[in-house]
Protein chains: 2
Amino acid sequence: MQSLGRHVLAEIYGCRFEVLNDVKKVEDIMVNAALEAGAEIREFVFHKFSPQGVSGVVVISESHLAIHTWPELGYAALDVFTCGDRVNPWDACNYVAEMFSAGDMKASEVKRGLMEQPEERLVANM
Amino acid sequence: MQSLGRHVLAEIYGCRFEVLNDVKKVEDIMVNAALEAGAEIREFVFHKFSPQGVSGVVVISESHLAIHTWPELGYAALDVFTCGDRVNPWDACNYVAEMFSAGDMKASEVKRGLMEQPEERLVANM
């Protein structure tokens with residue numbers, strides 16, 4: 001089975017309140033994470049919640065990055081979904097964890113868009 | 001362990017090329033999916049690729065919805081991530097599959113932001 005995309009779901013713990021609650025910092029880190037991984041940015045939107053928390057997404061040619069932060073818990077939920085072979089989602093994921101000065105990260109990769117491969121040719125050309 | 005959010009990852013197959021390649025239709029369906037599930041929309045961005053395909057995200061107060069379509073394969077990768085008890089991510093997921101007239105869907109739910117619960121009180125109040 002071939003897959004169209006790779007999706008890393010990361011649970012990032014032990015981050016500083018001030019970073020996770022600063023919409024501009026979170027936006028800069030997410031945009032730079034996409035660039036660090038070699039992705040091509042198409043659009044991005046970020047939103048600051050009251051009293052705290054940030055949500056945002058970066059749409060890239062290769063799919064998307066998304067973040068939701070709970071500053072009061074020092075926690076952020078990060079998604080990095082990439083298609084194609086050119087961009088490695090783990091590069092973006094590790095960059096964000098480093099910029100958040102994360103104490104701990106639990107992350108896993110899910111294959112997206114599993115497709116049946118074309119059947120092998122069992123009969124040789126005559 | 002308590003979780004902060006529910007994240008449904010859905011692989012939607014057997015959809016019509018014309019729907020998956022129409023950025024306005026995909027945007028309408030995704031925005032309505034959020035509303036159908038009772039979510040509060042904050043921002044959304046959608047992008048049409050050349051020669052085909054659409055990517056888009058809807059940021060909601062409860063987290064986000066994201067879609068990437070491969071019209072030539074009749075396939076769409078859908079994510080619905082919600083936090084809190086008020087919005088059921090499966091409502092949005094099933095709505096999108098229905099609007100895409102999907103032939104098949106494989107979806108699973110991942111718990112996000114697992115947090116240790118406070119320790120139980122083992123000593124009764126005296």
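Which residues does His68(A) touch, not counting residues up to four places away in sequence? In this predicted model, the partners within chain A are Val54(A), Ser55(A), Tyr75(A), Ala76(A) and Ala77(A), while chain B contributes Ser63(B), His64(B) and Phe81(B). With a relative accessibility of 2%, His68(A) counts as buried, because buried means under 20%. This histidine belongs to strand E4 (residues 63-70) of chain A.

Cys83(A) is placed in strand E5 (residues 75-83) of chain A and, at 18% relative accessibility, counts as buried. Leaving aside residues up to four places away in sequence, Cys83(A) touches Leu4(A), Gly5(A), Glu62(A), Ser63(A) and, from the other chain, Trp70(B).

The strands that hold these residues can now be set in their sheet. Strands of a sheet pair through backbone hydrogen bonds, either parallel or antiparallel. In chain A, six strands form an open sheet in the order E2-E3-E4-E5-E1-E6, with antiparallel pairing. Strand E2 (41-48) and strand E6 (104-115) are the edge strands, each pairing on one side only. From one strand to the next, the twist averages 10°. E4(A) and E5(A) are joined by eight bridges in the antiparallel sense, and Ser63(A) stands opposite Thr82(A) in E5(A).

Helix H2 (residues 23-36) of chain A packs on this sheet, touching E2, E3, E4 and E5. Its direction makes about 155° with that of E2(A). Helix H3 (residues 89-99) of chain A lies across E1, E4, E5 and E6, running at about 10° to E1(A).

Technical notes. Residues are numbered from 1 along each chain as its sequence is written. Chains are lettered from A and ligands numbered from 1 in the order in which they are written. This is a predicted model: local features need pLDDT of at least 70, side-chain atom pairs count only at pLDDT 80 or more; totals for chains, interfaces and linings use all residues. Side-chain values use heavy atoms; hydrogens and water are left out. Helices (H or I, at least four residues) and strands (E, at least two) are DSSP runs, numbered from the N terminus. Buried means under 20% relative accessible area, exposed over 50%, partly exposed in between (1.4 Å probe, protein chains only). Contact means heavy atoms within 4.5 Å. Two strands pair if DSSP finds at least two bridges between them. Axes are lines fitted to C-alpha atoms, for helices over the stretch in contact, and angles run from 0 to 180 degrees between N-to-C directions.
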